[in-house]
Structures are given as structure tokens and as C-alpha cells.
Amino acid sequence: MEIKNNYKKVINLKKNSVLNYDLKANSSACLFFCDYAGYITEINVNLDKNSSCELYGFFKNRNENTDVITNVTHTGNNSKCNQDFRFVNKNSISSFKGLISVPKHIKNCESYMTNKNLLLDKTSQAFAKPELDIKNSDVICTHSSTTGTLDEEQIFYIQSRGLSYEESVNMLIEAFYQDIKSKMEASL
Amino acid sequence: MLKIKNLKISIDNKEIIKDLNLEIKQGEIHALMGPNGSGKSTLSNVLAGKDGYNVTGEILYKGEDLLKMSIEERARKGLFMAFQYPIEIPGVNTINFLKSSLNVVRKSNKKEAIDTFEFLDLVKEKAKALNVNGSILNRHLNVGFSGGEKKKNEILQMSVLEPMFAILDETDSGLDIDSLKIISNGINSLRSICRSFLIITHYQRLLEHIKPDFVHVLADGKIIKTGCSELAEELEKVGYGNKKQL
């Protein structure tokens, strides 16, 4: 779809999807992908000059596998993008593949990519392939991916204040994507 | 309140607590002193219910077998441990955490959940009484807190939860003089005939502010000496190295 002004949307498509966002000059978009899991979602974003895009996703996988692929291409100068995708896996596998492309003639772009994965058990896995394809040096781009398990010391601390093991785990899962959730609540 | 009999604690076949006997009656304050590595923190972790220790012997809390209780059961029955190193939990708001904690403890004591407004008033009042800056309440739990703020947050939690038995694991370590005063005033204000304390410390400093009923010296996994508060002063002079002089 073409975006010409400001666009905000929470997306929870419960099917395998390919979503194309074409941000025209001076436009902005803020997209939240949440509350669904078990599907493959491909998100393609083109950013024309002075446009900016924020992509956030959080997925709670329970006995299901979720794939997210993002392709962000800066097609205009001064374009910006921030993407942050988080997965909580219980007996599940998540896969995040992200690519930021900046062609040679595009100047002054900023693009950030974050992926965080929380594995709740030994049968869960997270695959991550954060990639940058940068053809000129006049850009600011970062990419990161972390995968971890719950911290037993944190669980002990919460339990020592009276919450059960399960309540403590749930509290830490909420905490894992709290900042994305509060961004979503603030923007709607 | 708390009765420890022939307690032995080991980790990976290494014996930390060798044979510990201790009785803390209702309303009493006991100080446990000892050099680094003498097993003080191990003891407090076992009392709070931390996993990973091999424990034999008996611990009775209010007549019940403490070792059979889960971590949260102990907390709900009024046992509180102020951590030596309070854990940072990003994404969990301090005040929400405190409210969840108070409500589960209230629920298990068959009290109604406290509503948000009532709770905010309560916490503000407690924070003010403890002279604790309320700004820490809106931050993530212990994240980016200074050493003093972390310890004050522990005492604030204690003051809100009103436990029956509180273990203070080196709460005085790393505090400046003013913070030490704030924290000891907080502890003193919670002193009551129905509440007991086990204060674990290296220094006599804290005990100048909080007068314990008993002072125990823990060394090599055993209590080697028990006395009244003068013992702490004596220790300050002779040090832990001269155990024979004690």
C-alpha cells in the first residue's frame, strides 16, 4: 500500500502474509505486529525522501512457529527507519530475517534493527539473520539480535516477595516487551 | 518464631554451614556477624528458600517446617529477606511490583486486595516516613538505582509488606552515613513486640543505630560466640582474626 501522510496501525493478520508499504516523500508510518503467532509474515518497506517508518512486533509462540522477514529499502535521502521484533518461545521456533538496504546514491539515512528472543524451555529455538546491505558511507545503521532465557535470580527475587513461580515468569514475559507495548498504547 | 536445629548446608559437596543452632523469639532482634565466606549469605538464602543447596537439619518457622515451604509460601507467611544485592528487573515498574506483592500476601491472609488509590496513599506515606525519594517508585525495579536507592527500596518493600520475620542481608554494606541513618530509622520504626529480625552484617556501625538483643559470631560454618550488643563492640576492636580472644 502507498502511504502519503501519517499512518498508524496494529496488524494481527492470522494467515501467512506479504505486506508492502511504500512510503512516499515526507510521510511516516508506525506499525505494530502483535497478538498473533504461527504464521510467516513478510514486510517490505520502501522509504522515499524524508519519510520515516517504525516497525514493532511482539509474538508469543506456544507450540507454534513464527517467521518474520523484513526488507527495508531506503529509496530516498534523509529517510529513517526503526524496527524492533521480539519473540517469546515456548516449545516453539521463531525466525527473524531482516535486511536493510541503502543504495549507493542515497544519502543521510538512519536505520536501526533490533531483534530479541526469549526462550522459555529447552525445546525452543530462535533463528536470527539481521543483515545490512549498505552501499555508501553517509548513513547511520545498526543491527542487533539477542537470545536468552529467563534469569533464575530474577525469578527468585520476585518469588521472595510472594508471587508464585508461574506469576513470576509471566511478570518477566510482560517485562520483556513492556516498552513496545507501552509505545503501542501511547500511539493509539 | 524461628528455631534452627543442627543445620548443615553444603553446595557441590562443600560444607558451608557445619552445625548451626539458633532460636529467635518473637520481638527479638538478632545480629549475625562474621568474616567474608563464613556462610552468612548462604544461611539467609536458605531461609528465603533459594534452590541449589543441600540442606539437612531442621528449621521451624512459627512451629512449621520451613524447609518444606516454597519460596512464595514463606513470603506469604510473613518472612521477608532484604537482599544484599537487590536484583535489577527491567520492564517491571517498581510501584506495580510492590502492589502485586502486597496483594498476593494480603490474599493469602484472606484480606481483600488493596485498590490503586489506597495503595498509592499507603506507599507515599511509607516512603515519606522512611525519607525515601518517591521517584524510585516510577522507575523499573532497581534498574539504574544507586547502591543506596536499592537498599532503601528493600526497606520500603519491607515496610509496606509488614513481615513477621525479616532477614536483612548486609543491608548496611555500601551505604553512606546519611543512608545508613535512614535505613536504621526505618528498621527501628518497624521494631515491634510481634516482629523479629535477623540482621546480617560485617560491621558494628549498623548496630550503633539498631540495638540487637543478641549478637552471634559465625565463623567456619558455626556460631562460635553469642553475646549481647557489647560483643559487637568487642569484635570491632579485636577483629574476626582473633577468634580465640573472644
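Helices α1 (residues 152–159) and α2 (residues 165–176) of chain A have axes that come within 9 Å and cross at roughly 120°. That angle makes α1(A) oblique to α2(A). The model is predicted.

**Helix pair α1/α2, chain A**
- The crossing of α1(A) and α2(A) is right-handed.
- From α1(A), the contact uses A:Gln154, A:Ile155, A:Ile158 and A:Gln159.
- From α2(A), the partners are A:Tyr165, A:Ser168, A:Val169, A:Met171 and A:Leu172.
- By class, the residues of this contact of α1(A) with α2(A) are six nonpolar, three polar and no charged.

**Sheet of chain A**
- Six strands of chain A form an open sheet in the order β2-β4-β6-β8-β10-β12.
- The pairing in this sheet is parallel.
- β2 (6–11) and β12 (139–149) of chain A stand at the edges. Each has a single partner strand, so one side of each is left without a neighbour in the sheet.
- On average, neighbouring strands of this sheet are turned by 5° against each other, direction ignored.
- Within chain A, strand β8 (residues 80–90) and strand β10 (residues 109–119) pair in the parallel sense over 10 bridges.
- In this part of chain A, A:Cys81 stands opposite A:Ser111 of β10(A).

**Helix on the sheet, chain A**

**Contact between chains A and B**
- Chain B gives 18 residues to the contact, and chain A gives 15 residues.
- On the chain B side, the elements that give two or more residues are α2 (71–76), β7 (89–93) and α3 (94–108) of chain B.
- The side of chain B that touches chain A has 11 nonpolar, four polar and three charged residues.

**Helix pair α3/α5, chain B**
- α3(B), one of the elements on the side of chain B that touches chain A, also packs with helix α5 (residues 147–161) of chain B.
- The angle between α3(B) and α5(B) is about 35°, and their axes are 10 Å apart.
- The crossing of α3(B) with α5(B) is right-handed.
- α3(B) brings B:Thr94, B:Leu98, B:Ser101, B:Leu102 and B:Val105 to the contact.
- These meet B:Asn153, B:Gln157, B:Val160 and B:Leu161 in α5(B).
- The contact of α3(B) with α5(B) has five nonpolar, four polar and no charged residues.

Technical notes:
Residues numbered from 1 in each chain as written. Chains lettered and ligands numbered in written order. Predicted model: local features only at pLDDT ≥ 70, side-chain atom pairs only at ≥ 80, totals over all residues. Axes fitted to C-alpha atoms, helices over the stretch in contact; angles between N-to-C directions. Helix = DSSP H or I, 4+ residues; strand = E, 2+ residues; numbered from the N terminus. Parallel < 35°, antiparallel > 145°, perpendicular 65-115°, else oblique. Left-handed = near helix turned anticlockwise from the far one by under 90°. Contact = placed C-beta atoms within 7 Å. Nonpolar A, V, L, I, M, F, W, Y, C, P; charged D, E, K, R; others polar. Pairing = 2+ DSSP bridges.
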